[in-house]
Structure formats: C-alpha cells, structure tokens
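I opened the notebook for a new entry. The model comes next, then what I looked up in it.

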Amino acid sequence: MFTGIVQGVAQIVAISEKQDFKTHCIKMPQEMCENLTIGASVAHNGVCLTVTHIDGDQISFDLMQETLRITNLGEVNVGDFVNIERAMKMGDEIGGHLLSGHIFCTAEVSQIIRSEHNYQLWLKLPQQAIMKYILAKGFIAVDGISLTIGEVTQQSFCVNLIPETLNRTLIGKRKLGDKVNIEIDTQTQAIVDTVERYLQQKHQ
C-alpha cells in the first residue's frame, strides 16, 4: 500500500527489453535506499513494482506486458525520470489517501492553466464511462500523487497543484498530450458500483 505522497524522483539508467517484458533500472535517491530489500514494493509514477535486483543505489524492477500496456511506463526511456514512493509501513502517517499501486487507466493532459499563485491541470480520460468514478472534491492519484479533484466535465477533470507538489514531483513538467497514470479511489469505486448494482436489481 502507498499514500500518494511522492518521496522523490529517480532517473532510469538502463532498460532491458524482451518480448512483452522490460526490466527498468533506476538510480534511487540515497536517502530512499535504507533497508531496501529484494521483493520490496516501490511505486513508479504510481505503479506498484517489485525490487528484483540491488546494486548500490541502482535498483531493478520487472514490468510485465499488462503494466506496459495500461500505464505510461511503457513509454519511458533511459534518462527519463519517474515519481518514486516506497511502500508505507504500519504506523506511518497517511498524508494523502490509501493507494494500491494498481493503475486504472491513463489520462491525457488536455489543458494547463498557470497564474501567479495557481497551477491547474486538466486531464481527459479515454472513456466517458470512467467518469462515474470522478467526483468533485473526491480523491484521485495522478502518476502516484494523491490529489483532490476540482471541476468535472463530460470526459475531463482538473486538479489544482500547490508549489510543494510541483517541486517534489514531475507533474509540473507534463506537457499537452502527455499521458499520466490514473488510480481511482477504491472507496469511491466500491460505492458507485454498489449503488449501480442496487439500482439495476431494483429495476429488474
């Protein structure tokens, strides 16, 4: 489990590629290497990955076909950076909201609105059907960052970003057309699906 509070960014230093399978090696920030072991979970842009090899601060992770298909990690190259969060520990403060690291889909950056004290990012989802889980003032994770949903339209929504989030993560470097990973809040999903099933049964 994760909290959506990104702890830093890491650069991809090597990619080993096979058919429908990749191994990413990142240079982990030194302060995040403490007590890291093979088998540990680390989120990359919100995607839960398992440590498969450790060589000092160079840490390797395997990415399966489904991960490459659903997330933006299939598009990253050597030299690119990813948001990093290590798995939460029992007793840790949850500053964001609980995340599983299982990505629902990607969204496209459709608009960026900057002003002196505000930074607003508009994201377009690939299917309108997903919008039933996007509720104003609800939680969502974008590239592993726990955020509050702002306005919601037919197939898009926005998030408002504070300077700390822009400084700590990669989200301020996203450009129009870029894809970001989306994890729907599981509690919202459960409530919406439960109500939907109840109404369907009621009208049968």
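The entries below go from the whole protein to one residue.

I noted that this is a predicted model, in which local features need pLDDT of at least 70, side-chain atom pairs count only at pLDDT 80 or more, and totals for chains, interfaces and linings use all residues. Residues are numbered from 1 along each chain as its sequence is written, and side-chain values use heavy atoms, with hydrogens and water left out.

Whole protein. I found three helices and twelve strands, taken as DSSP runs (helices H or I, at least four residues; strands E, at least two) numbered from the N terminus. The C-alpha trace spans about 60 × 45 × 40 Å along its principal axes. I looked up burial: 46% of the 204 residues count as buried, that is, under 20% relative accessible area with a 1.4 Å probe, protein chains only. For contacts (heavy atoms within 4.5 Å) between residues at least 6 apart in sequence, 68% join residues at least 24 apart.

I checked residues 98–195 and got 16% helix and 40% strand, with the end C-alpha atoms 22 Å apart.

Cys-25. I located Cys-25 in strand E2, residues 21–27. Cys-25 is buried, at a relative accessible area of 11%. Leaving out residues up to four places away in sequence, I listed its contacts as Gln-11, Ile-12, Val-13, Ala-14, Gln-58, Ile-59 and Ser-60. Asn-35 lies ten residues from Cys-25 along the chain, and I read 18 Å between their C-alpha atoms.

Definitions and conventions. Buried < 20%, exposed > 50% of the residue type's maximum accessible area, 1.4 Å probe, protein only.
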